[in-house]
Amino acid sequence: MDFPDYRPRRLRVNQAMRSLVQEHQIVASQLIYPLFITEGKNIRQPIPSMPGVSRLSVDQLKREAEELLALGINSVILFGLPDKKDPMGSGAHAKNGIIQRAIRELKKRAPSLLVITDVCLCEYTDHGHCGCLINNQVDNDATIEILAKTALSHAQCGADIVAPSDMMDGRVAEIRAVLDENNFEMVPIMSYAVKYASAFYGPFRDAADCAPQFGDRKSYQMDPANSREALREATLDVSEGADFLMVKPAVAYLDIITKLREEFDLPIVAYHVSGEYAMIKAAEEKGWIDGSKVMHETLLSIKRAGADIIITYFAKEMAKLLMNK
Ligand code: PBG
């Protein structure tokens, strides 16, 4: 049927009609809010390059969890800022480490909140790389043992999901094996399966104080020029036992999200990263865009590309917008 018999505008006449035919929606229950946990007491320290986001001390987590749950956000992902770093990143699996304390506090104060932990060493190594070094190179096989130890220590504190973000080969299988040996066979792995060596992580590295002290992350994170390789990475992680597949960053990699959606039946997670957030906030502050509308449109684009779940610093703002409607 062609014009004038068929008129697409019929289904756009008013908001009720448009809502009726909407193909994609953002729901608060599929947003994950990142939390940066810092040492000290009574700390809510704003992060300059990420307006609206703060580093929180452990005692602030009860209040934060209550705010999130009231907004319908049921999941957080935790990043730690330890007071001490060393070459092996041993703080990542310390019994009383910053993340271990944060998990226990959240599971005690807000048991219904899903606690996802980022499993990586870069916040805990003094050189800032995501693994330990042998001859100044990030050593894959030594690192995955430390990562598995870290994931296990998170599970022992009550973490609901572990999310390795280091991009070492074989880490999903290693983590799965160690969790299973220790009776944590029900703890899922959300794998950062496809993580690019991206300049969009800039504000995060300030926030989490984890920029590499020499070199870059290109020997383990993926080259932005590659998309077929994303399928290989994801295939490996599925075979190693991943329960979720993540693509990161999100907006500059919507094609990758769509590819994974077409190839795999696991839940797809997109990480809308710090730089993607900061750019919208900066343009909004300048008065150049309507930040709230651009936020909504951006998150919709990530859903439309095929993501089920979005990790975003906008989670609270988006949930508030949904509630006002
Ligand atoms: C740790 C990690 C990073 C991010 C999430 N986990 C930094 C990096 O790989 O350099 C970035 C998140 C963001 O930019 O919002 N490996």
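**Strand pairing, ligand shell and backbone**

Me: In this predicted model, which residue is the bridge partner of Thr 38 in strand 3?
Reply: Thr 38 belongs to strand 1, which spans residues 31–38. Strand 3 covers residues 54–57. In strand 3, Thr 38 is bridged to Ser 57.

Me: Do strand 1 and strand 3 run parallel or antiparallel?
Reply: The two strands are joined by 3 bridges. Pairing needs at least two bridges, so strands 1 and 3 count as a pair. Their direction is parallel.

Me: Which residue of strand 3 is the bridge partner of Gln 45?
Reply: Strand 2 takes in residues 44–46. It is joined to strand 3 by 3 bridges, and the two run antiparallel. For Gln 45, the partner in strand 3 is Arg 55.

Me: How many residues of the shell around the ligand are charged?
Reply: The ligand is surrounded by 18 residues. Among the closest are Lys 195, Arg 205 and Lys 248. The shell holds 10 nonpolar and 3 polar residues, and the charged ones number 5.

Me: How far is a polar side-chain atom of Ser 274 from an oxygen atom of the ligand?
Reply: Ser 274 is one of the closest residues to the ligand. Polar contacts are counted within 3.5 Å, so the pair qualifies. The distance is 2.7 Å.

Me: How much of the ligand's accessible area does the protein cover?
Reply: On its own, the ligand has 400 Å² of accessible area. The space it takes is the largest cavity. The protein's cover is 100%.

Me: What is omega for the cis peptide bond between Lys 248 and Pro 249?
Reply: Lys 248 is among the residues closest to the ligand. Pro 249 lies in the loop between strand 10 (244–248) and helix 8 (254–263). The bond joining Lys 248 to Pro 249 is cis, with omega about -10°.

Me: What is the phi of Asn 135?
Reply: Asn 135 sits in the loop between strand 6 (133–134) and strand 7 (137–138). Asn 135 is not a glycine, yet its phi is positive. The value is about 50°.

Terms used. Residues are numbered from 1 along each chain as its sequence is written. This is a predicted model: local features need pLDDT of at least 70, side-chain atom pairs count only at pLDDT 80 or more; totals for chains, interfaces and linings use all residues. Side-chain values use heavy atoms; hydrogens and water are left out. A residue is near a molecule or strand if one of its heavy atoms lies within 4 Å of it. A polar contact is a pair of N or O atoms within 3.5 Å; within protein, one must be able to donate a hydrogen and the other to accept it, and residues adjacent in sequence count only if both atoms are side-chain atoms. Accessible areas come from the Shrake-Rupley method with a 1.4 Å probe; for residues, only the protein chains shown count as cover. On a 1 Å grid over the protein atoms alone, a cavity is a set of points where a 1.4 Å probe fits but cannot get out, and a pocket is an open set with protein on both sides within 12 Å along at least five of seven lines; lining residues have an atom within 4 Å of a point. A molecule sits in a cavity or pocket if more than half of its atoms lie within 2 Å of its grid points. Ala, Val, Leu, Ile, Met, Phe, Trp, Tyr, Cys and Pro count as nonpolar, Asp, Glu, Lys and Arg as charged, and the others, Gly among them, as polar. Helices (H or I, at least four residues) and strands (E, at least two) are DSSP runs, numbered from the N terminus.
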